[in-house]
Amino acid sequence: MSKNKRAHWRFSSPLSVLQQRAFLCAEIRRFFAARQVLEVTTPVLSHHGNTDVHIEMFQTQALLPDHNAAYLRTSPEFFHKRLLASGAGDLFEIARVFRRGERTPLHHPEFTLLEWYRLDFNLADLMQEVVALVQQLLAAFVQPAIKVTTLSYQELFQTVVGLDPFSVSDQALHDRCQAHGYSGAALSRTEAFDFLFACVIQPELSAGQRFTDGLLLHRFPVAMAALAAADPEQPDRCLRFEFLWRGVELANGYQELTDAVEQRARFVADNRLRQAADKAQLPLDEHLLAALDHGLPACSGVALGLERLLMCLLGLDDLDQVTGFIPENS
Amino acid sequence: MSVYSTSQFKNGLKILLDGDPYSIVENQEVKPGKGQAFNRVKIRNLKTGRVIEKTFKSNEKVDAADVMDTEMQYLYSDGEFYHFMDPNSYEQYEASTTAVGDAAKWLKEEDICMVTLWNGVPLTIEPPNFVELVITETDPGVRGDTSGGGSKPATLETGAVVNVPLFVPEGEVIKVDTRTGEYVSRVKK
């Protein structure tokens with residue numbers, strides 16, 4: 001063991017990755033400077049938690065003597081929205097974030113999100129800006145542009161799995177999951193969609209035969225809205241999108257929910273789900289809710305995994321190849 | 001009965017599914033951006049050897065199978081059961097012909113085998129990777145022809161039949177790789 005540890009002190013990626021990453025960050029800053037989007041830095045530690053049922057926070061000592069525990073951020077989103085409600089305009093951050101228990105070729109417990117917010121952008125505007133950024137970065141890395149297809153969540157499911165997520169019966173959905181090899185504990189509808197997405201659709205996207213390299217997926221079921229606004233024209237869907245590169249989820253964006261009452265209801269519902277799943281409930285971010293109550297300007301925001309982006313730009317398929325330091329030798 | 005969470009899944013972990021013991025061959029965690037994570041596993045049924053794929057919700061609990069690999073000495077066969085002994089505890093175990101399976105043709109008394117116990121009963125037997133056995137029957141050797149090229153079948157003391165080079169005579173002790181069933185060399189006594 002000690003011999004192993006000695007062997008693994010080195011940065012394990014080629015040192016050129018350091019330059020490529022620095023170049024990537026410089027290009028990102030250039031992209032946003034040209035659009036007059038301000039770079040900001042927001043706190044890593046917070047008194048408040050992210051209630052998302054599928055994301056686990058690192059908890060640490062309180063920030064101040066008379067406070068409860070502090071949490072390492074899983075995203076800079078709440079601070080960004082407080083900035084926007086305070087009157088800051090378009091902004092972006094290259095933010096270190098932390099998610100406990102995530103360790104796969106595509107997940108590290110500590111990673112970097114490029115997150116940005118655009119006032120008066122609707123979902124389609126922001127989707128186009130994500131693609132513009134990716135294409136500009138490809139050009140900077142002397143790579144050909146990628147083809148991008150835009151599909152709704154419904155269209156993708158109909159195309160790959162042959163079912164309509166908004167009308168399929170519970171039984172037919174259950175049968176389809178079984179047919180694709182699911183045999184564990186009963187799945188809720190949302191979990192069944194997650195299973196079909198992660199285990200059937202994403203492998204199909206990765207195979208690269210049937211789809212273009214880039215995929216803009218939009219209008220998720222409203223149960224997967226998180227912090228996105230519901231679609232006023234189709235209330236069972238929400239204004240959320242993802243950008244996938246050969247099945248790798250690179251970016252997740254919302255036309256932001258600005259309704260404090262609705263946001264509180266979602267946080268409370270999240271905590272109820274957490275309780276049902278035997279997970280710790282988290283203190284709601286009252287500062288965020290107060291900011292929404294004060295008034296969040298109409299905006300859209302998106303978070304993009306920086307290491308995943310670098311991995312894709314370099315044609316690699318494992319985050320370890322671009323981070324050099326990995327959780328095992330951190 | 002003890003249980004494992006999917007977060008403890010790793011290759012070689014023994015779990016119980018539908019009453020059968022399985023060994024995890026491959027474990028892949030997949031996680032959609034903002035949704036439920038899943039563990040996709042390939043598992044080998046330790047009774048039949050068949051490998052199947054299963055998917056679990058991450059953090060789901062799965063029963064552990066009380067399965068243990070132990071090195072044991074092969075003692076003898078009474079025609080119905082094969083008898084093994086744990087050299088540490090001197091405890092003896094009876095393995096059925098089903099559990100022994102194809103390993104039977106390599107089993108020589110006193111050899112050390114890997115016995116997989118399930119709930120204390122031998123489930124599978126793995127012979128040593130290399131065994132040394134006497135040729136009990138083969139065509140007469142072509143003396144002096146050590147040039148290689150050409151082989152002939154030879155029956156060994158345990159009943160196994162392997163191909164040996166033409167120059168190897170009856171009565172000779174040879175070394176065989178049990179994983180491939182191939183002749184390795186003659187053994188000088």
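Predicted model: local features only at pLDDT ≥ 70, side-chain atom pairs only at ≥ 80, totals over all residues.
1. Local features need pLDDT of at least 70 and side-chain atom pairs 80 or more, while totals for chains, interfaces and linings use all residues. Residues are numbered from 1 along each chain as written, chains are lettered from A, and side-chain values use heavy atoms, leaving out hydrogens and water.

2. The count is 33 salt bridges over all chains (a side-chain nitrogen of Lys or Arg within 4 Å of a carboxyl oxygen of Asp or Glu). One of them joins A:Glu27 to A:Arg30, closest N and O atoms 3.1 Å apart. Both sit in helix 2 (16–34) of chain A, 3 residues apart (a helix is a DSSP run of H or I, at least four residues; a strand is a run of E, at least two). A:Glu27 is buried at 8% relative accessibility, whereas A:Arg30 is exposed at 52% (buried is under 20%, exposed over 50%, partly exposed in between, with a 1.4 Å probe and protein chains only).

3. A:Arg29 meets A:Glu39 at 2.7 Å between the closest N and O atoms. Since A:Arg29 is in helix 2 and A:Glu39 in strand 1 (38–39) of chain A, the pair ties together parts 10 residues apart in sequence.

4. A:Arg240 and A:Glu242 also form a salt bridge, at 2.8 Å. A:Arg240 is buried at 3%, and A:Glu242 is buried at 2%.

5. Over in chain B, 5 strands make an open antiparallel sheet, ordered 14-13-12-15-16 (strands pair if DSSP finds at least two bridges between them). Strands 14 (161–165) and 16 (182–186) are the edges.
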